[in-house]
Amino acid sequence: MRRLVSETRLHPADLILPVFVREGAGDPVPISSMPGVVQHTTDTLKRAVTDAATAGIGGIMLFGVPERKDAIGSGATDPDGILNVATRIAVAEAGDALVVQTDLCLDEFTDHGHCGVLDGNGYVDNDATLERYRDMGVAQAESGSQLLGLSGMMDGQVTAVRDALDASGYGNTPILGYAAKYASAFYGPFREAVQSSLEGDRRTYQLDPANRREGAREIELDVAEGADVVMVKPAMSYLDVLADAAASSPIPVWAYQVSGEYAMIEAAAAHGWIDRRRAIEESVVGIRRAGADAVLTYWAVELAGWIR
Ligand code: PBG
């Protein structure tokens, strides 16, 4: 009876797995603050992608960890940069079975760790960054990315990348706008995952956790700029923002259950303080119940195995 009257169901197709790929790695490298998650080699990536496809999940989101970084994040636009290489591999492995998505942001590739290029005063230069994003978008589309995840929170980024894609013959490549992305402590373990060199914080471009209306406004702007999907991130501390977006958005709304959300549950479960499986299922059901059409979660494949 409970199953029959359940209002929210989990389905593998609504789950997306974030995947890290490390340039030059000979073996997968465990991420200590994310037990169970690794930086893949280009070789182990293949297995991860086919496992994801076999599990029936909706997609993967690729992040690159380059060997070398510089001020403008050159590796992001290099066709032989790790993210573009990983994209070609993932598309060849399983591009027909799930949606291969790519993180479109400079932070993994810059030596200062910011999501954009800096001006003379060390501030992120919004408009100069848009030029880099345009090139990065075209490079990712050329590598076969099936959905570009714009996570940098620059103003006007969706318009800029849409325009560049259309002008380069990639009018059919869709855009996921990380529209309401908050400056969050819950990205902590991700910094280890991508070996971020960031000092300071992202508060000149990511949202203030205190602001709900501003989140709604950012969603509206990305929709108006031509995003095909919008995202709220992180998920569990922003369910009100997510519910607002789900109620008003004419396009799909996704949520990202981020690294710190994963780490908290894994850590508590490892201590025997909570029931791991129930906590994972409850957390993702809660995100779906609040209105997410799909959820990015590091448990995507394991969870898909339980709910199938
Ligand atoms: C930016 C990006 C970040 C995450 C996804 N994309 C880091 C940040 O904005 O600081 C965080 C994801 C996570 O914590 O799981 N490229």
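I shall speak about a pocket, a cavity and one histidine.

Please keep in mind throughout that this is a predicted model.

I begin with the largest pocket, which holds about 350 Å³ of space. Its lining comprises 18 residues, and those nearest the centre are Leu17, Gly36, His40, Tyr298 and Val301. Two or more lining residues come from each of β1 (15–22), β3 (38–40), α1 (42–55) and α10 (300–307). Sorted by class, the pocket lining has eleven nonpolar, three polar and four charged residues.

I turn now to the cavity. The count gives one cavity of 30 Å³ or more, and the volume of the largest cavity is about 150 Å³. The lining of this cavity is made up of 18 residues, with Asp107, Lys181, Tyr187, Phe190 and Lys233 nearest its centre. The elements contributing two or more residues to that lining are β7 (175–181) and α5 (188–193). As to class, the cavity lining divides into eight nonpolar, three polar and seven charged residues.

Finally, the histidine. His114 sits in the loop between β5 (99–104) and α3 (126–142). Is His114 buried or exposed? Its relative accessible area is 12%, and because buried means under 20%, His114 is classed as buried. Beyond its neighbours within four places in sequence, His114 is in contact with Leu106, Asp107, Val124, Leu198, Glu199, Asp201, Arg202 and Tyr205.

Thank you for your attention.

Terms used:
Residues are numbered from 1 along each chain as its sequence is written. This is a predicted model: local features need pLDDT of at least 70, side-chain atom pairs count only at pLDDT 80 or more; totals for chains, interfaces and linings use all residues. Side-chain values use heavy atoms; hydrogens and water are left out. On a 1 Å grid over the protein atoms alone, a cavity is a set of points where a 1.4 Å probe fits but cannot get out, and a pocket is an open set with protein on both sides within 12 Å along at least five of seven lines; lining residues have an atom within 4 Å of a point. Grid points are joined across faces, edges and corners, and a volume is the space filled by probe spheres set on the points. Helices (H or I, at least four residues) and strands (E, at least two) are DSSP runs, numbered from the N terminus. Ala, Val, Leu, Ile, Met, Phe, Trp, Tyr, Cys and Pro count as nonpolar, Asp, Glu, Lys and Arg as charged, and the others, Gly among them, as polar. Buried means under 20% relative accessible area, exposed over 50%, partly exposed in between (1.4 Å probe, protein chains only). Contact means heavy atoms within 4.5 Å.
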